[in-house]
Amino acid sequence: VLALCVAVAYFLGARLGLFLRLPGHTPSVLWPPNALLTSALLLVPPRHWPVCLLAALPAHLSLNLDTEWPSAFVATIFVTNCTEALISASLLRGISDRPTEFDSVHSVLGFVVTVALLGPFLSSFLDAFVVVSFGLESYWDVWRARFFSNVLTSLTVVPAAVGLLTRAGPWMRHATRARWLEAAALMAALVGVWLLVSAWSSERLPVIPGAARAPLVFFLPVITWAVVRFGPTGASVAMLTATVLTIAAAARSTDMFLPLTPDRTLLGLQLLLIAVAIPHLVLAAAIEERRQASSALAARLRFEELLSQLSQAFVHVPGERMGGVLETWVRRVGEQLNVDGLMLYRRSDHSGELELRSDWGRPGVRDEPIVRPHADFPWVCDEILANREIVIEGIDDLPADAVQDRRSMERHGLVSGVGLPLVAGDRVVGSLGFVSMAERTHWAPDLLARLRLVAEIFGNAIARQRNEEALRESEALKSAILGSLTSGVAVLDRRGCIIAVNEHWRGLGCASSLSCTCQTTGDDLLAACQRDAESDDRAKRMSDGISAVIAGVAPHFVLQHSNTGDDGMRYWVLAVHPLHHADGGAVVTHAEITERKRVELEAEAARAELAHMARVVTMGELTASLAHELNQPLTAIVANAQAARRLLDLQKVPPEELRAVLGDIVADGRRAGAVIQRTREMLHKGGPSPARVDLGGLVRDVAALVTNDALLRNVTMQLSLPQAPAVVEGDRIQLQQVVLNLLINALEAIGDDPTNARLIHVRARSAEEGTVEVLVRDTGSGMPAPVARVFDAFYTTKPSGMGMGLPIARSIIEAHGGTIHAANNPGGGATVGFRLPLAAEARA
Amino acid sequence: VIAGAPTVFIVDDDLSVRRSLARLLTTFGYATETFAGAREFLERGPAEGPGCLLLDVRMPEESGFELFERLKSTGRDLPVIFITGHGDIPMAVRAIKAGAVDFLVKPFDEDALINAVEQAVAQSRKPSSLRSRG
């Protein structure tokens, strides 16, 4: 097809050239074949050049069949013609990467220098040499004739031919009716001028004197019209037409350049046409340049406006409507940017993958969205997520390993595309994709810059959407957390007014009978508590506590209180903590702890029961000692009573003697009573009754209880007790039980071994700041390691032991806020002791 | 107290017991001497004339048995009646085997006491060779 077109064009061009000869002249004023060949070489890539040149050869030969020139000459002339085309096309391609464009002064000047001047200049030497070597004409005449002819031809034919072939199609598709009419009018004007000039030149209508001498002058307004209105292509077409018509007019006129010789006339005409062609081409290019610049400016303005609208659109949209707005704007941007498809993807927080948010395709061109980007375009997605831009001008730009991407592009009919990561902070939050379906697209740097601006705005919008979603989720989570709390929660501002509550707050507050907590958002909690402070001590403490926490005086405040409900006592705990907020305030939590309290009370009762059992067991171990202790006074009582009876029988009893006996009986009776009293105390069953207890005195009493036992076992017991009372808060009986337990353990540890020192040393002394310590040290067999295990339940080293003594002792001491400890002595035996905090006043 | 009456020596760490027993025995015509412990009794030196020793088994420092053994080993053959607050059979057997006249568990009746004391005093009147039962 290419070859056929070139051949036909060459043939027709030559015919036209032969037609445009001045009367009596061999050379043509205009010789189009060479210029057409040059045009073809400019239009097709160099690899097709041989085809073009070879295609022209048959046309050339057929033209010259009817001449009388030798065939070698004809062939050589063809070679020189080809040489000119090759030189011109190579030079222009060498200096310009857009050799078919005549839309800037720069490119037109480049064209004029290379194609119009240098090409003919150089090739004419060869041509003249060929002509002369065949002995036809003189060298310089040939050179001159050929040079000027080809300069004129190149100037007029090449821009017109190239322009028509590259621009006529698009122009015709987009031209309005008015433009068609204007083009037609322009052509009509050219023909009209020609008719007028032809008429004048034949001097049938001598209206304008001398018109026949310079017909070109009358074409000038029309050419200028074309230059101004139809760009370089229109101008060059008009110019070519005017040139052809001028030459035609000149050819028919015999006296145009009289009294010049035909040679001079030809030259004059050519120079005149060249002189007109060059400035008009440059002017057309300049105007085109201006027009393109202003249209670029207009496009830029439109784009800027789009950007500002785009930004505004996103600024005022609430997060939940963002989705729809994004959709709208993806379409509008796509329409304006003249791409075939625009896709917006958002990166999922969950999977980290890109998910389609919006897809626009130019109607009728693209209608299949890319829904699974990671499956279809794995390479592209990886690049995007790595925050790299992708610019694909054609499928071949994809790297070799992007096999799936290449396949998907073909399947979707995509030819080129741009993928831009959307970035917020330093994180890729999505991607904006632009695709073109029709042809390989050159994504110019300024276009890419615009796309980046668009991507930035979409990126910000998505980032904002993400932030708002995160905020909403966090709000929802917060209120879900508050709602899920079983405690009542109220948030107070700096003045003590409730600014937020959860759903349990008011129900719990009202049920607790602490009436100032039976309030809700907007109420002044602090004021309500202050109001109730007169009648309710709890309200007073609460208002003091809240004030202190809000003022920052106290780090927190806790109030435990109770009331009588339908099912018995209910227990509550109310806590106030500072609100960590710039404006200050406090958080109040209110929870029912009845169940916890019940468990605590049950545990306490169980402990008391256990302790009692342990006491019973312990006392059982003491029976022998107790019996002995009771026996002594009983023996004395019996003996004294019998003695008194005898004295009375003997009837010589002095009354004071009898009184002494009876006094002894009373004393011993009391003594026995005291023993029983102590025993009963230890066996007493009941809950703890806190009191102030002098630990020194308590140790002395308990030691008395086991003195007899120690005596029985031949164990010496030493007491080191402080002079001043060491007062602790606690339950006397339980603490006695602990001391008793330690003493009995010590006695049992000493056992029957007669070889050891058989000594128990009981010491009470004030220890660390505000505590008092009781130590029971024995010389017994010591405890097996690990010593700490002696406090474990059911751990016993005694054959008859229950293993509950020390665990119970520990639970009692810990319930009193103290600690208990045990260790083996370096010199044998063990020391077990405990520490209790001194009662508040005693500490001072 | 009749002159030349047998003397009952009472060793017990409990003052009330000592005093009440002494008082009771006095009403039966015995002379009495009381001691709070073994050391005190030993310091008094050997007794002359008939009598017996009323000895508490359990005392701080030296127990009744220990004092008894010491008396036997030094040849002071005063008949001994043990008294105890928590007597059991093995202890009683041990006491009798060792040569005690009787073993009384507190609180005891005056008849039991007087019987034992009379028996012991009677024993003290016999020559020591006859009393010795090995």
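Contact, as used in this tour, means heavy atoms within 4.5 Å. The structure is a predicted model, in which local features need pLDDT of at least 70 and side-chain atom pairs count only at pLDDT 80 or more, while totals for chains, interfaces and linings use all residues. Residues are numbered from 1 along each chain as its sequence is written, chains are lettered from A and ligands numbered from 1 in the order in which they are written, and side-chain values use heavy atoms, with hydrogens and water left out.

**The interface**

The size of an interface is often given as the accessible area lost when the parts come together. Here the buried area (accessible area, 1.4 Å probe, that two parts lose on being put together, summed over both) is about 2,100 Å², with carbon and sulfur atoms giving 51%.

Between chain A and chain B there are 5 salt bridges, each a side-chain nitrogen of Lys or Arg within 4 Å of a carboxyl oxygen of Asp or Glu. To display one salt bridge, select R23(B) and D664(A), whose side chains meet at 3.1 Å, N to O.

**Chain B**

Traced along the sequence, the pattern of chain B is β-α-β-α-β-α-β-α-β-α-α. Of its 134 residues, 51% count as buried, that is, under 20% relative accessible area, against over 50% for exposed and in between for partly exposed (1.4 Å probe, protein chains only). Among contacts in chain B between residues at least 6 apart in sequence, 63% join residues at least 24 apart.

**A nonpolar patch on chain A**

Finally, select L91(A), V113(A), L118(A), F121(A) and L122(A), which make a nonpolar surface patch of about 360 Å². Patches are made of residues with over 30% relative accessible area and no salt bridge; like charges are joined within 9 Å, and nonpolar side chains (Val, Leu, Ile, Met, Phe, Trp, Tyr) within 5 Å. Accessible areas come from the Shrake-Rupley method with a 1.4 Å probe; for residues, only the protein chains shown count as cover. Helix α5 (residues 105–133) of chain A gives the most to this patch, with 4 residues. L91(A) lies in helix α4 (residues 71–95) of chain A and counts as partly exposed because its relative accessibility is 31%.

Notes:
Helix = DSSP H or I, 4+ residues; strand = E, 2+ residues; numbered from the N terminus.
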